[in-house]
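Please keep the sequence and the structure in view while reading.

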Amino acid sequence: LSARTPAVWWARIMIIGHGLIAWAAMSHGLWIVPVLQIFGPWLFSAPWWLLNTSQHTGRPHGLFPDRVIDDFRETSRTIDCNPLFRFWYWHMNWHCEHHMYAAVPCYNLKRLHEEIQHELPPTLNGVVATWKHIWAYVDKQAQDPNYAEPIEIKRNVPKPSALDDKKTL
């Protein structure tokens, strides 16, 4: 057996599998399925990368000589983006909320955000605004490697009375 044999078999299985999916879809008039199957990863990877990379870029992580950062509001950010990006990204644009309450299903993260936003840092509006914010931070840190972004954390803030009704997320 060659070291390449498992990879060759996996490639054959993938080609046959994709072919079967394309054949089944086309035989039912669903031409969009093979198009998305072939071009989907290429088309959707840029928005995914922009959202995914922005969630922690420029935020401190982990252990430091003077302190341990254990508050997810300091290590991740929430981005308000358009509904299509939210859907593609499984609503993980509500990233602080996702880390703080990992058991909440992705489709309820926006509701969770609305419930706890009074305790969160300001939410950035859109992917472009987020990357402008990140690049400004990166530029400052390039000039001063010790620069840390000031993150506004509201602690022990009473919940607004309009949200006092207890709803399960």
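His91 counts as partly exposed, with a relative accessibility of 23%; here buried means under 20% relative accessible area, exposed over 50%, and partly exposed in between, with a 1.4 Å probe and protein chains only. This is a predicted model, in which local features need pLDDT of at least 70 and side-chain atom pairs count only at pLDDT 80 or more, while totals for chains, interfaces and linings use all residues. Residues are numbered from 1 along each chain as its sequence is written, and side-chain values use heavy atoms, with hydrogens and water left out.

His91 lies in the loop between α4 and α5. Its phi is near 60°, a positive value in a residue other than glycine. Trp90 is also placed in the loop between α4 (83-88) and α5 (95-100). For Trp90, phi is near 55°, again a positive value in a residue other than glycine. Trp90 is exposed, its relative accessible area being 60%.

Is Ser76 buried or exposed? At 1% relative accessibility, Ser76 counts as buried. This residue sits in the loop between α3 (72-75) and β1 (79-80). Leaving aside residues up to four places away in sequence, Ser76 touches Gln55, His56, Arg59, His95, Cys96 and His99, where contact means heavy atoms within 4.5 Å. The C-alpha atoms of Ser76 and Gly58 are separated by 8.9 Å, and the two residues are 18 residues apart along the chain.

The chain as a whole may now be considered. It contains seven helices and two strands; helices (H or I, at least four residues) and strands (E, at least two) are DSSP runs, numbered from the N terminus. From the N terminus on, the order of the elements is α-α-α-β-α-α-α-β-α. Of the 169 residues, 29% count as buried. Among contacts between residues at least 6 apart in sequence, 52% join residues at least 24 apart. The accessible surface comes to about 11,700 Å², and 66% of it belongs to carbon and sulfur atoms; such areas come from the Shrake-Rupley method with a 1.4 Å probe, and for residues only the protein chains shown count as cover.

Two helix pairs show how elements pack. Helix α1 (residues 5-27) and α2 pack at an angle of about 150°, with their axes 8 Å apart; axes are lines fitted to C-alpha atoms, for helices over the stretch in contact, and angles run from 0 to 180 degrees between N-to-C directions. The two helices are therefore roughly antiparallel, since angles under 35 degrees count as roughly parallel, over 145 as roughly antiparallel, 65 to 115 as roughly perpendicular and the rest as oblique. His18, Ile21, Ala22, Ala25 and Met26 of α1 meet Val33, Pro34 and Gln37 of α2. These residues divide into six nonpolar, two polar and no charged; Ala, Val, Leu, Ile, Met, Phe, Trp, Tyr, Cys and Pro count as nonpolar, Asp, Glu, Lys and Arg as charged, and the others, Gly among them, as polar.

Helix α2 (residues 32-54) also packs with helix α7 (residues 127-143), at an angle of about 45° and with axes 11 Å apart. That angle makes α2 oblique to α7. The contact joins Trp49, Leu50, Leu51, Thr53 and Ser54 of α2 to Val127, Thr130, Trp131 and Ile134 of α7. By class, this contact has six nonpolar, three polar and no charged residues.
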